[in-house]
Amino acid sequence: HVTLVMFGFFAVWQLGVMLMKPPEYILPSPVEIFQEMVSAPLWYFDHTIRTLGATLLGFLLALVVGCLAAIGIVYSRFLENTLYTLLVALNSVPKIALAPLFIIWMGTGLSSKIAISFLIALFAIVVDTVLGLRSVEPEAVDLFRSLRGRSWQTLLWLRMPNALPYLFAGMKVAISLALVGAIAGEFVASQAGLGFVILSAQGTLQTTRVFAAIVLLGILGTVLFF
């Protein structure tokens, strides 16, 4: 159904352009955008892979750190009062405002894009995992204790399986946010990636190229989400 929806969207877009005939620099047609991508497929592929790499690495780092942080928050009152509060405060700051700092600290290479992607995806992982770990029925926890289950056994065999649906929901949100983080980093300072393509094409009013990069981002984000 996703393919049909997308096909219908582009068909309506193409029809609208054919009827209204706007200038190409205002709104190119899907056919023109496709021709732009086909004209340099390896070039677009290279930039897409660079954005995908930063997104996946930032997401995986957020997944590992987020799960460990969630476990610590659930089992430690101190971490709940300190780390959780700090994460909430960081999440309230627009990440695009922090992007220049990461560029200063880490340079314009891949590491700064990974860091921004990680930071923007972390909160969703932590919040949903904490909620899942805490949603265990108290009776089930009491049963484990009555059977002399250790804390790590309760975590591994009771809390974590119960938290998986929440974790997977958080991962769906986090992967989309990780892509946003990677693009934000490329907007601030980069020499490669789809964000760089959009920014450089904007400066020369190459609207078709901008739309080509946006379409590739839409496809990439949809695939990663599902």
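Is Phe-226 buried or exposed in this predicted model? With a relative accessible area of 63%, Phe-226 is exposed, where buried means under 20% relative accessible area, exposed over 50% and partly exposed in between (1.4 Å probe, protein chains only). The model is predicted, so local features need pLDDT of at least 70 and side-chain atom pairs count only at pLDDT 80 or more, while totals for chains, interfaces and linings use all residues. Residues are numbered from 1 along each chain as its sequence is written, and side-chain values use heavy atoms, with hydrogens and water left out.

Phe-226 forms an aromatic pair with Phe-225, with 5.4 Å from centre to centre and 90° between the planes, an edge-to-face arrangement. Rings of Phe, Tyr and Trp (its six-membered ring) pair if their centres lie within 6.5 Å; planes under 30 degrees apart count as stacked, over 60 as edge-to-face and the rest as tilted. Phe-225 is partly exposed, at 32% relative accessibility. The charged end of Lys-172 sits over the ring of Phe-225, 4.4 Å from its centre; this term requires NZ of Lys or CZ of Arg within 6 Å of the ring centre and within 35 degrees of the ring normal.

Across the whole structure, seven aromatic pairs are found. One of them is edge-to-face because the rings of Phe-9 and Phe-10 have their planes at 70°, with centres 5.4 Å apart. Phe-9 is partly exposed at 48% relative accessibility, and Phe-10 is likewise partly exposed, at 25%. Phe-9 and Phe-10 belong to one aromatic cluster with Trp-13 and Phe-211.

Helix packing was examined for H3 (residues 41–75) and H4 (residues 77–91), whose axes lie 5 Å apart at an angle of about 125°. Helices (H or I, at least four residues) and strands (E, at least two) are DSSP runs, numbered from the N terminus. Axes are lines fitted to C-alpha atoms, for helices over the stretch in contact, and angles run from 0 to 180 degrees between N-to-C directions. H3 is therefore oblique to H4, given that angles under 35 degrees count as roughly parallel, over 145 as roughly antiparallel, 65 to 115 as roughly perpendicular and the rest as oblique. Ala-69, Gly-72, Ile-73 and Tyr-75 of H3 meet Arg-77, Leu-79, Glu-80, Leu-83 and Tyr-84 of H4, contact meaning heavy atoms within 4.5 Å.

Tyr-75 also touches Arg-159, whose other contacts beyond four places in sequence include Gly-132, Leu-133 and Arg-134. Arg-159 lies in helix H8 (residues 151–188) and is buried, with a relative accessible area of 15%.
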